[in-house]
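Thanks for coming, everyone. Please have the viewer open.

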Amino acid sequence: MNWSHSPKQVFATSPIVPVMVIEHVEDAIPLAKALAEGGINVFEITLRTAAAIESIRAIAQAMPDSMVGAGTVLTPEQYDAVVEAGAKFVISPGAPARLLKHAASHSVALIPGVSTPTEIMEAMDLGYDHLKFFPAEANGGAKALKAISAPLPQVSFCPTGGVNAENMAQYQALSCVKTVGGTWMIPADAIANKDWARITQLTKEAIAAASK
């Protein structure tokens, strides 16, 4: 892979990757700055809203030193769109071969989603060894990931989906886990109320807990 930033670099940027659903572009920069003030400078903006791609563009331009990325990317066409907007990494909920092959020949790292040994091995066959374990809690949580990863020690994971302040330590205790994805530091009501100070405080608390 000839990527400008490796998945290993993305995982190493922060112990927590905030999974951001942005409804309004004008919230993008204040939200990212609130997270950065709290100690998180990596952003996964999911393609679940009409504002997502322009939010990626806005943060990439306003905060060029941040690690801004796109989540919920399903197709090569979406991959190309988020890369054009300035995404430095791409995350998918699954691992379709068409998307993995496309990203392998382009400049921005893809982190595919997996939940079974077969999916992990198929991703490995295409050169991927940094993966998203998703949905983490629904697939058995840290206990399941420990068992699945045991025969595949060369793979690193970012568990996402149901990960929160209460169970984060269970995932972080696993040697295969390099970072986790979550939303608990960016509650929807805080974004709706533009309570950026609350998000900064929650982020500081999350980083402090992740550092224990």
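Leu131 has Phe157 as its bridge partner in S8. S7 and S8 run parallel and are joined by four bridges. For pairing, DSSP has to find at least two bridges between two strands. Elements are DSSP runs numbered from the N terminus: helices are H or I with at least four residues, strands are E with at least two.

A word on the source. This is a predicted model, where local features need pLDDT of at least 70, side-chain atom pairs count only at pLDDT 80 or more, and totals for chains, interfaces and linings use all residues. Residues are numbered from 1 along each chain as its sequence is written, and side-chain values use heavy atoms, with hydrogens and water left out.

Back to S8, residues 156–159. Which of its residues are buried? Ser156 and Cys158 on one side, Phe157 and Pro159 on the other. Buried means under 20% relative accessible area; exposed is over 50%, and partly exposed lies in between, with a 1.4 Å probe and protein chains only.

Now the open sheet. It has six strands in the order S5-S4-S3-S2-S1-S9, with parallel pairing. S5 (109–111) and S9 (180–182) stand at the edges with a single partner strand each, so one side of each has no neighbour in the sheet. From one strand to the next, the twist averages 25°. Angles here run from 0 to 180 degrees between N-to-C directions, and axes are lines fitted to C-alpha atoms, for helices over the stretch in contact.

Inside that sheet, S3 and S4 run parallel, joined by two bridges. Ala70 stands opposite Val90 in S4. Then take Thr46, in strand S2, residues 42–46. Buried or exposed? Thr46 counts as buried, at 0% relative accessibility. Beyond four places in sequence, its contacts are Val19, Met20, Val21, Ala52, Gly71 and Thr72. Contact means heavy atoms within 4.5 Å.

On to the helices. Two packed helices are described by the angle between their axes and the distance between the axes.

Start with H3 and H4. Their axes are 8 Å apart, at an angle of about 30°. That makes H3 roughly parallel to H4. The cut-offs: under 35 degrees is roughly parallel, over 145 roughly antiparallel, 65 to 115 roughly perpendicular, and the rest oblique. From H3, Ile53, Ile56, Arg57 and Ala60 meet Ala81, Val82, Glu84 and Ala85 of H4. By class, that contact has six nonpolar, no polar and two charged residues. Nonpolar covers Ala, Val, Leu, Ile, Met, Phe, Trp, Tyr, Cys and Pro; charged covers Asp, Glu, Lys and Arg; the others, Gly among them, are polar.

In H4, the buried residues are Pro76, Tyr79, Val82 and Ala85. Their cover includes H3, strand S3 (67–71), S4 and helix H5 (97–104). Just after H4, Gly86 takes a positive phi of about 115°. Next comes Ala87, in the loop between H4 (76–85) and S4 (89–91). Ala87 counts as buried, at 4% relative accessibility. Leaving out residues up to four places away in sequence, Ala87 touches Ile56, Val68, Gly69, Ala70, Val82 and Val108.

Next, H2 against H3. The axes of H2 (28–38) and H3 (52–62) come within 9 Å and cross at roughly 55°. That makes H2 oblique to H3. The crossing is right-handed. Right-handed means the near helix is turned clockwise from the far one by less than a right angle; left-handed means anticlockwise. Ala28, Ile29 and Ala32 of H2 meet Ser55, Ala58, Ile59 and Ala62 of H3. That contact has six nonpolar, one polar and no charged residues.

Last, H2 against H10, residues 196–210. Their axes come within 7 Å and cross at roughly 40°. This crossing is right-handed too. H2 brings Pro30, Leu31, Ala34, Leu35, Glu37 and Gly38; H10 brings Trp196, Ile199, Thr200, Thr203, Lys204 and Ile207. By class, the contact has seven nonpolar, three polar and two charged residues.

That's the tour. Over to you.
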